[in-house]
Structure formats: structure tokens, C-alpha cells
Amino acid sequence: MEQTTTAAKIQRLSKKVRSIYGGQGAGKTYAIMQLIVSTAIYTRNLYILVLGSELTKLRGRAMKDGKKIASEFPTLCSINDTKIVFHNGSVIEFKGLDSPYAGQSVRSDICFFNEIAEVKDFDTFQNYATRTKICFIDFNPRKGFFYKQIKSFYENDFEELKVTWKDNEFLPEEEKRAIIRYKELGEFAEEGSYDRFMYEVYYLGDFSISSGKAYEIDQFDIREDVPERFDFYVSYSDPSLGLGSDYFAGLLFGIKGLEVWAVDCIFSQYTK
């Protein structure tokens, strides 16, 4: 298999929970599926789960990539609707996370959460993650989710890798030009604007917090050790926050003396 720099970097990860995040065009999903298919080919009797918030979305993402990669080895496996069955006894199964209880008692050797930011909640993740030996997750850091809970729970069993379009040597020129355009429009745009958001998330691959401003993951931390009572609270909401009419943001701050705590942040996209 021809591999990208993204794939080479992923192969160096070694802990149980392996988080791969970053910008558009980095080839995260394809590289993870290359590693998964290769592992299934060379290891007998593995049960591997590839998971997404909805099976329909999974079909156009990790399932499509997995089937394309596996099709290069027709003598070693057979491809079904939601499974790739290898002649050595290993199986890759694709499943949508329709219920938070779907993963209870389901054990696997490897599981991969494709676009984990779309998964409903931490419990849904945990049902599978606690019952597997190796867990991959990938996402574009365009919004917050239960990522901090994952890092906190797994701590020493967790590692993360940021990749960008520059790590994908096979990125089509048309897509590369579009990604570079994010930089041209957004590098010096106003913080919180749509162009700045697209540049920082999809070009740089940085994590997006509720304001639309992008931060490196470890640079933003809502304090957990806060006073029991604040002097007063200040809330702020905006139906667009510069990102267009499809977005809503709500912020709640607690003030104690001269210090201000970010107590709660809500950032959501309207769904039609």
C-alpha cells in the first residue's frame, strides 16, 4: 500500500486510545483504515469495529475507504454490505451508533470511531472503548464534544496526533487549492469570523471552542476548581457569532472579585 506521512505518523502511536485530529485533507480516515485492513490481513481471528454516529454517514466515509482498500486483496477477503471478512478469520464490521446501549457487552480487538465529534455522548463511546484493546478516534476539531472526558479517563493510556493537509502527499490539487484559499481569506480575518474559523480549523487543524476562535487543544481549559459561590453571573448569547445564521452560541461567566471563570459554553449548529 502507498502510504502518506499521516499514515506513517499514526503507525508510531502505541497507547490504547489513539486520537488523530486535524484539518481538511489530511487523510486521517483513509490512513487509519489502511492500518486496520493491513492488521486484519496479517493477524488471525481479529474482531474489528468501525463505528460512526449513523450508518448512512459511515458508508460515505470509513466504510467506503475500507472497502476500497480491501478490494486490492480479493484473494484474501470477501466484502459484504457491512462487513469485510478475511480468510484468516478476522472480520471488520461497520456499525452506526443508533443507541447509547448498543455497545454494551460488545467486545472487540480494535475499534475505530470515525468522526467521533458526531457521536452523541461519552457513555456511547465508553460502552465500546472499555471493551476493546485498541481504540482509534478521528475528527476535524470544528466543535467541542466530550474530548476532555476521554483524555481525563484514559490519561496514561491516551495519546493524540495532529495532522494537516501537508501530511497527505496524495491530496488532489483541486482540494489543495481550496484549503490554501482558507488561509488567504482567514489568516488575518477578525477572530470569530467565518473566514478565521475556516482557516484555523480546516487549514491549521486547531481545535475550535464555542466562540469560533480556534485554540491548540491544551491552551483552553474551563476551570473545574471554582468558588462555591460567585459574586454574580454574566451570560451572553448570539444567534450567529459571525459564523452565519446556521449557528448559535451561548456563554455563561461567573465573577468573583477581579477573576472571571468561564462556567459554561454552548456552541451548536442549527439542523433543518
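Helix H6 (residues 147–154) has Tyr-147, Ile-150 and Tyr-154 buried, meaning under 20% relative accessible area with a 1.4 Å probe, protein chains only. These three cover an arc of only 60° around the axis, so they sit on the same side of H6; the arc is taken from the directions from the helix axis to the C-beta atoms. Helices (H or I, at least four residues) and strands (E, at least two) are DSSP runs, numbered from the N terminus.

This is a predicted model, where local features need pLDDT of at least 70, side-chain atom pairs count only at pLDDT 80 or more, and totals for chains, interfaces and linings use all residues. Residues are numbered from 1 along each chain as its sequence is written, and side-chain values use heavy atoms, leaving out hydrogens and water.

**Aromatic pairs**
- The whole structure holds 17 aromatic pairs, counted when ring centres of Phe, Tyr or Trp (its six-membered ring) lie within 6.5 Å; planes under 30 degrees apart are stacked, over 60 edge-to-face and the rest tilted.
- Phe-122 and Phe-125 make a tilted pair, 6.1 Å centre to centre with 35° between the planes.
- Both belong to helix H5 (residues 122–129), where being three residues apart separates them by about one helical turn.
- Phe-125 counts as buried at 0% relative accessibility.
- Tyr-147 and Phe-158 pair edge-to-face, at 5.9 Å centre to centre and 70° between the planes.
- That pair links distant parts of the chain, with Tyr-147 in helix H6 and Phe-158 in strand E8, eleven residues apart.

Terms used. Buried < 20%, exposed > 50% of the residue type's maximum accessible area, 1.4 Å probe, protein only.
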